[in-house]
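Thanks for making the time this morning.

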Amino acid sequence: MCKVIAIANQKGGVGKTTTTANLGIGLARLEKKVLLIDADSQGSLTVSLGFSEPDEMDYTLADVLADTADGKEIGKKGILSHNEGVDLIPANIDLSSLEVQMINFFSRESLLKRYLSTLKSGYDYIIIDCMPSLGMITVNALTAADSVLIPVQASYLPVKGLQELIKTIGTVKRQLNPKISIEGILLTMVDSRTNFSKDIIKMLKEAYGRQINIFDDVVPRSVRQEEAAVDGKSIFEYAKNSKISNAYKNLAKTIIGEG
């Protein structure tokens, strides 16, 4: 049975794209069939997986959603294959203009859910990289998702902004998707050598630990991840036995219940 996970946080630069790519490929390395969806008009996930010119692509998530709204048969049109065992629905700047147009679409909040219902039989996991906003595309991702994984950078302001996202997830749960749950909070860019990071982790656990799962494994700050994204590779391919690759390997195991 396919599980759909949205990777969401309205704060930019907290590791959403990194987590989507490496969790997805980590699951593929555990012999799971995985589809990644780039739901950000910047196309960062698309680029990080080696597809360097997303704005020149003929068919992306924007076209998928527009065709779904028109009732067209899409199938696997536009789905790309990555050499590390995952599939990808890419995104580009067209997604930004589509979001404006969606105000006129019927059942606009559930377009992505309707489309994914035609693909679920072919995958074990579908992971959606959300844009850093709580607009209509992100609402579509939350409406389609079974759960939300929230990457949070180990610093004060990103932690402070969590409440708005949690409130939005609650609204989606009440009005659009009663089955959605929070998979957990994943701490990213952690420098375990500093007391500041330790204080942030403690504050996060005190504020949210009773109501939301906070993953035991944290993702360390690493320049290797930036280098891997430039090369269009996962951290597993670029730095196989690094701390950051081990963190995402453990996260993938936790997601499937082996952690």
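Predicted model: local features only at pLDDT ≥ 70, side-chain atom pairs only at ≥ 80, totals over all residues.

**Pockets, sheet and cavity**

Let me begin with the lining of the second largest pocket, which by class has five nonpolar, five polar and six charged residues. In this count Ala, Val, Leu, Ile, Met, Phe, Trp, Tyr, Cys and Pro are nonpolar, Asp, Glu, Lys and Arg are charged, and the others, Gly among them, are polar. Residues are numbered from 1 along each chain as its sequence is written, and side-chain values use heavy atoms, with hydrogens and water left out.

This second largest pocket has a volume of about 360 Å³, and among its 16 lining residues V190, S192, P220, R221 and K243 lie nearest its centre. A pocket here is an open set of points on a 1 Å grid over the protein atoms alone, with protein on both sides within 12 Å along at least five of seven lines, whereas a cavity is a set where a 1.4 Å probe fits but cannot get out, and lining residues have an atom within 4 Å of a point. Points are joined across faces, edges and corners, and a volume is the space filled by probe spheres set on them. The largest share of this lining, five residues, comes from α12; helices (H or I, at least four residues) and strands (E, at least two) are DSSP runs, numbered from the N terminus.

The largest pocket has a volume of about 510 Å³. Of the 26 residues lining this largest pocket, G13, V14, G15, T18 and M189 are the closest to its centre. Two or more lining residues come from each of α1 (16-29), α2 (44-48), β5, α10 (223-230) and α12 (243-255), with α10 giving the largest share, four residues. By class, the lining of the largest pocket divides into ten nonpolar, eleven polar and five charged residues.

Turning to the sheet, we have an open sheet of seven strands in the order β3-β4-β2-β5-β1-β6-β7, with mixed pairing, where two strands pair if DSSP finds at least two bridges between them. Because β3 (80-81) and β7 (181-188) stand at the edges with a single partner strand each, one side of each is left without a neighbour in the sheet.

Why is strand β2 (residues 34-39) largely enclosed by the rest of the structure? Six of its six residues are buried, so the rest of the structure largely encloses it, and buried means under 20% relative accessible area, against over 50% for exposed and in between for partly exposed (1.4 Å probe, protein chains only). V34, L36 and D38 point one way from β2, and L35, I37 and A39 the other way. β2 pairs in the parallel sense with β4 (residues 86-89) over four bridges, where I37 stands opposite I89, and likewise in the parallel sense with β5 (residues 125-130) over six bridges, where A39 stands opposite C130.

Finally, a search of the whole structure finds one cavity of 30 Å³ or more, and about 50 Å³ of space lies in this largest cavity. The residues lining this largest cavity include T17, T18, Q225 and K233, and the largest share, four residues, comes from α1.
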